[in-house]
Amino acid sequence: MCFPSDIAWPILRDMTDQYLAIVDQYAEQAASLLYMDDIKSSNSGAAGIGGLLSMIATSLAPDSNSNILCINTEGESDTIEYNRLSQQYPNLFNDNKLIH
């Protein structure tokens, strides 16, 4: 189970409409997706985009009224992990559907 930090919780509670926790796979896919556009990111840095990917794959998908801001908060921090991810997810899309 995931919990926000004591410092972050009041901001999340008061300033957002939704928040979610994601499994590592979505953060890994997001980092790999960024890699495909020559943007180096760690899994942690790409977690916001991973959250968006998880929403697209579920019933929480954004609609035309949604405003979404994703921030990549961290560059490549673990070269071995970064190289593994760049090889693990060479094709994130299969028949125009996100692999999940």
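The model is predicted, so I noted its terms: local features need pLDDT of at least 70, side-chain atom pairs count only at pLDDT 80 or more, and totals for chains, interfaces and linings use all residues. Residues are numbered from 1 along each chain as its sequence is written, and side-chain values use heavy atoms, with hydrogens and water left out.

**Entry 1: the salt bridge**

I found that R13 pairs with D14, with 2.9 Å between the closest N and O atoms. For accessibility I used relative accessible area with a 1.4 Å probe and protein chains only: buried is under 20%, exposed is over 50%, and partly exposed lies in between. R13 is partly exposed because its relative accessible area is 45%. D14, at 53%, is exposed.

In soluble globular proteins, nonpolar side chains tend to be buried together.

**Entry 2: two loops**

I located S42 in the loop between α2 and α3. S42 counts as buried because its relative accessibility is 9%. A polar atom of the S42 side chain lies 2.9 Å from the backbone nitrogen of G45.

I then located G75 in the loop between α3 and α4 (79-88). At 35% relative accessibility, G75 is partly exposed. Beyond its neighbours within four places in sequence, G75 is in contact (heavy atoms within 4.5 Å) with K40, S41 and S42. The C-alpha atoms of G75 and N43 are 9.1 Å apart, although 32 residues separate the two along the chain.

**Entry 3: confidence**

I checked pLDDT (the predictor's confidence in each residue, from 0 to 100). The protein averages 76, and 74% of the residues score at least 70. Confidence is highest in α3, at 90, and lowest in strand β1 (residues 93-94), at a mean of 42. Over residues 92-100 pLDDT stays under 50, and the model has 19 contacts beyond four places in sequence for this stretch. Where pLDDT is low, the predicted coordinates should not be read in detail.

Key:
Helix = DSSP H or I, 4+ residues; strand = E, 2+ residues; numbered from the N terminus. Polar contact = N/O pair within 3.5 Å; in protein donor to acceptor, adjacent residues only side chain to side chain. Salt bridge = Lys/Arg side-chain N within 4 Å of Asp/Glu carboxyl O.
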